[in-house]
Amino acid sequence: GGELGMGAPMLARALEAQQGSTAGPATKGPAYKQASEEVLSIRAILTQWQDAALQAAALSDAATSIRAHSELAPALARVAGLRAKVQGMQKKAEEPDPDLQTYGAAMKAKVLALVADFTALASDAEALQGAMEGAMARGEKLLSLSAQQREEEAAAVVAETAAGEAAAVVEDKRERAAVISAREEEVRAKAAKEEEERAEARVRMAEVDEREREAARSGGGVKAAP
């Protein structure tokens, strides 16, 4: 299935894909054009890795862990590398002195829009860094292992995942049994209380009957005087 033990072909493709994938596309032209295209390029990668299913796979699937290391880690590094350039452009766009201003009104608006896009990109990058740090580190580790070691690592993770799932099933059954037991105890307690109330009622009725019989005996033994 889609577990770590998917075998060498998937791992091999992941290893091939990571070759030369650490750098972003080379963009020529003005700084604004370079930065804009770099933001779009990084955004495409980050959007892909924001998918919850892909993130989960990177924690349990060897090939996807390698992809996280080879695709996402470089993209996050590119965000850090782009920060100084965007900040420099922002400083120029926000220059208050007309004699020192570099951009016209239209270009200033474009740069400030780019700054906003980069700010959102950097925020998403930070979130992904936290969420995917373990997966990226695991992918890096897998790349340093031999083919046999990768298979062993994959098998170990599959076994660990299976054990975790089995433990979760056992815990679920235990919780269900506890709920059922609590309900049964509640039913027994209710039945015992009802039986106690019925017994008390019988005692009260017997006492009433006894008093009535006693009254009848006392009344029947008294004779009228001649």
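This is a predicted model: local features need pLDDT of at least 70, side-chain atom pairs count only at pLDDT 80 or more; totals for chains, interfaces and linings use all residues.
Biologist: Is Thr64 buried or exposed?

Modeller: A residue counts as buried when its relative accessible area is under 20%. Thr64 has a relative accessible area of 10%, and therefore Thr64 is buried.

Biologist: Which residues does Thr64 touch, not counting residues up to four places away in sequence?

Modeller: Thr64 belongs to α4, and Leu54, Ala57 and Ala58 belong to the α3 side of the contact between α3 and α4. With residues up to four places away in sequence left out, the residues that Thr64 touches are Trp49, Leu54, Ala57 and Ala58.

Biologist: How are the axes of α3 and α4 placed, roughly parallel or roughly perpendicular?

Modeller: Two packed helices are described by the angle between their axes and the distance between the axes. For α3 and α4, the axes come within 6 Å and cross at roughly 110 degrees. Angles of 65 to 115 degrees count as roughly perpendicular, so α3 and α4 are described as roughly perpendicular.

Biologist: Which residues make the contact, and how many of them are nonpolar, polar and charged?

Modeller: On the α3 side, the contact is made by Leu54, Ala57, Ala58 and Ser60, while α4 brings Ala62, Thr64, Ser65, Arg67 and Ala68. Sorted by class, the residues in the contact of α3 with α4 are five nonpolar, three polar and one charged.

Biologist: At what angle do the axes of α3 and α5 cross?

Modeller: Helix α5 covers residues 105-144, and its axis and that of α3 come within 8 Å. The crossing of α3 past α5 is left-handed. The angle at which the two axes cross is roughly 30 degrees.

Biologist: Which residues of α5 do Gln55, Ala58, Leu59 and Ser60 in α3 meet?

Modeller: Among the four from α3, Gln55, Ala58 and Ser60 are buried residues. By class, the contact of α3 with α5 has six nonpolar, two polar and one charged residues. In α5, the residues met are Leu128, Ala131, Met132, Ala135 and Arg138.

Biologist: At the start of α3, which residue has a side-chain oxygen that reaches the backbone nitrogen of Ala53?

Modeller: The residues of α3 run 52-60, and Ala53 is at the start of this helix. A side-chain oxygen reaches to within 3.2 Å of the backbone nitrogen of Ala53, and the residue that carries this oxygen is Asp51.

Notes
Residues are numbered from 1 along each chain as its sequence is written. Side-chain values use heavy atoms; hydrogens and water are left out. Axes are lines fitted to C-alpha atoms, for helices over the stretch in contact, and angles run from 0 to 180 degrees between N-to-C directions. Helices (H or I, at least four residues) and strands (E, at least two) are DSSP runs, numbered from the N terminus. Angles under 35 degrees count as roughly parallel, over 145 as roughly antiparallel, 65 to 115 as roughly perpendicular and the rest as oblique. Contact means heavy atoms within 4.5 Å. Ala, Val, Leu, Ile, Met, Phe, Trp, Tyr, Cys and Pro count as nonpolar, Asp, Glu, Lys and Arg as charged, and the others, Gly among them, as polar. Buried means under 20% relative accessible area, exposed over 50%, partly exposed in between (1.4 Å probe, protein chains only). A polar contact is a pair of N or O atoms within 3.5 Å; within protein, one must be able to donate a hydrogen and the other to accept it, and residues adjacent in sequence count only if both atoms are side-chain atoms. A crossing is left-handed if the near helix is turned anticlockwise from the far one by less than a right angle, and right-handed if clockwise.
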